[in-house]
Amino acid sequence: MTDNRWFTDARFGMFIHFGLYSVAAKGEWYASIEQISAEKYRKYFETFDPIRYDPVFYARLAKQAGMKYAVLTAKHHEGFCLFDSACTDYKSVNTPIGRDLIREYTDAFRKEGLRVGIYYSLVDWHHPDYPAFGDPFHPSRNSESARNETCDFNRYLDYMHEQVRELCTNYGKIDLFWFDFSYEGHSGADWRALELTEMVRSLQPGILINSRLEASGGNLGSLLTDSPTPWAGDFITPEQIVPPAPLKAPGNAPVCWEACQTLNNSFGYTADDHVCKDARICIRQLVDCVSKGGNYLLNIGPDGNGSIPPWAVETLREIGTWMNENHESVYGCGESPLPAAAFGCRITAKDNVLYLHVMQQPVGPLPLSGIRPEDILYARMLATGAEVEVLTEGWAVENYPDYTFLSLSSKSNETQLLPDPADTVIKIVLRQAAGPFS
């Protein structure tokens with residue numbers, strides 16, 4: 001398996017969904033949900049001119065937010081390519097914008113020192129050899145004109161493989177390839193997945209590949225079994241959910257994973273989606289992922305002009321403010337052998353250090369189980385370095401001897417409001433590691 005240390009150290013990345021669907025402003029699944037005809041959808045291609053598409057700004061925003069890598073949709077299910085593919089005319093260079101948007105993205109993010117990932121849909125609703133009639137998702141699945149289609153799926157696979165070859169050949173070092181997605185009748189060997197995986201790894205040594213050559217956001221794939229397939233990939237991609245517990249293979253071996261989440265309810269720009277997550281929610285989701293040994297891939301959906309909605313920019317900058325003070329508790333951290341201290345808390349860990357993330361105002365001192373006061377060298381607020389007292393006496397200690405208590409107040413019998421209501425982080429340095437940190 002590929003060395004994934006940079007990935008598990010990074011923990012936080014930016015997902016970018018952008019395509020013709022951004023102009024429609026009804027989400028990346030618009031064509032499928034509304035069963036839009038190819039003729040009607042063509043108008044988005046003919047008028048695609050995102051004059052504010054600015055990957056330099058995207059990259060700087062990602063870096064400001066504390067993100068370490070990014071993944072951009074080179075081709076989504078609609079089949080439209082943001083790169084200059086020799087295999088098709090259905091690409092950004094043939095629209096009014098007239099530019100290779102993937103090249104601009106890879107150049108800009110590398111310049112900011114961020115790792116570069118590429119999303120590529122295995123599905124293609126535009127290609128004539130991708131079966132439409134009866135497919136559960138194709139916009140033309142119920143169209144009588146598609147009933148007598150004459151598709152050659154192997155010809156589509158040749159096309160798809162060649163586009164992946166282009167992306168792995170023409171854009172420099174690619175750190176991560178994000179395939180999407182498999183479903184019944186189109187999974188694993190149906191994609192010639194072994195051939196595809198071997199080609200990608202040969203062209204991009206050290207690249208990480210996700211699990212969706214055999215899985216989807218809901219189906220996690222064979223990495224969780226004793227016998228993963230040769231195309232199982234390097235990490236699992238649960239979508240719009242943070243797993244309730246760390247993902248483990250048989251024998252309790254940790255499995256690398258990344259939760260992809262949206263800032264509202266949509267990946268692609270949706271004009272009437274106003275269910276916007278604030279920075280506090282995103283910070284807590286990030287920490288929840290890390291505490292369970294996972295990564296957090298947070299999506300932005302630029303609008304049809306290429307602009308990131310102002311509220312999303314502000315949210316990412318607020319996350320960056322928190323990350324600036326607390327990034328030590330995220331980068332290179334993972335699951336702790338200790339249980340969460342109390343309701344509203346998470347613990348991330350690295351070597352002999354525990355990071356206690358307090359997300360809800362406690363009543364009295366904070367209890368820790370599985371550790372004794374004498375195991376702690378010191379405890380301090382990560383953001384300020386202020387000492388946090390480890391209690392050795394008092395009614396809490398006397399009544400609950402199986403717990404270690406931390407006081408957030410300068411007086412052990414008083415309650416102090418959390419300095420950071422989103423997530424106050426306490427750094428606890430142990431005299432020796434408490435167990436095998438992930």
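## The largest pocket

The largest pocket in the predicted model has a volume of about 350 Å³. It is lined by 19 residues, of which A38, W125, H126, H138 and S140 are the closest to its centre. Helix α4, which covers residues 38-46, gives the most to this lining, contributing 3 residues. By residue class, the lining of the largest pocket divides into 11 nonpolar, 5 polar and 3 charged residues.

## Aromatic pairs

A search of the whole structure finds 33 aromatic pairs. Among them is the pair of F7 and F235, whose ring centres are 4.8 Å apart and whose planes meet at 40 degrees, so the pair counts as tilted, given that the tilted class lies between the limits of 30 degrees for stacked and 60 degrees for edge-to-face. This pair links distant parts of the chain, with F7 in helix α1 (residues 5-10) and F235 in the loop between β5 (208-209) and β6 (248-249), 228 residues apart. F7 is buried, with a relative accessible area of 0%, and F235 is likewise buried, with a relative accessible area of 0%.

The aromatic pair formed by Y130 and Y156 is edge-to-face, with 5.2 Å from centre to centre and 90 degrees between the planes. Here too the pair links distant parts of the chain, since Y130 lies in the loop between β3 (115-121) and α7 (153-169) while Y156 belongs to helix α7, the two being 26 residues apart. Both Y130 and Y156 are buried. Beyond these pairs, one aromatic cluster is formed by F18, F45, F48, Y53, Y58, F80 and Y90.

## Charges over rings

The C-alpha atoms of L114 and A70 are separated by 7.3 Å, although the two residues are 44 residues apart along the chain.

Q285 is part of helix α9, which spans residues 279-291. Its relative accessibility of 17% is under the 20% limit, so Q285 counts as buried. When residues up to four places away in sequence are not counted, Q285 touches V242, Q261, K277 and Y296.

D272 is found in the loop between β8 (257-262) and α9. With a relative accessible area of 62%, which is over the 50% limit, D272 counts as exposed.

## Backbone geometry

Most residues other than glycine have a negative phi, and most peptide bonds are trans. Against that background, the peptide bond from D180 to F181 is cis, with omega near -15 degrees. F181 lies in the loop between β4 (176-180) and α8 (193-203).

Positive phi values occur at Q240 and N252, neither of which is a glycine. For Q240, phi is near 55 degrees, and this residue is found in the loop between β5 and β6, the loop that also holds F235. Q240 has a relative accessible area of 36%, which lies between the limits of 20% and 50%, so Q240 is partly exposed. For N252, phi is about 70 degrees, and the residue lies in the loop between β6 and β7 (253-254). N252 has a relative accessible area of 54%, which is over 50%, and therefore counts as exposed.

Note on methods:
Residues numbered from 1 in each chain as written. Predicted model: local features only at pLDDT ≥ 70, side-chain atom pairs only at ≥ 80, totals over all residues. Heavy atoms only, no water. 1 Å grid on protein atoms, 1.4 Å probe; cavity = no way out; pocket = protein on both sides within 12 Å on 5 of 7 lines; lining within 4 Å. Points joined across faces, edges and corners; volume = space filled by probe spheres on them. Helix = DSSP H or I, 4+ residues; strand = E, 2+ residues; numbered from the N terminus. Nonpolar A, V, L, I, M, F, W, Y, C, P; charged D, E, K, R; others polar. Buried < 20%, exposed > 50% of the residue type's maximum accessible area, 1.4 Å probe, protein only. Contact = heavy atoms within 4.5 Å. Phe/Tyr/Trp six-rings, centres within 6.5 Å; stacked < 30°, edge-to-face > 60°.
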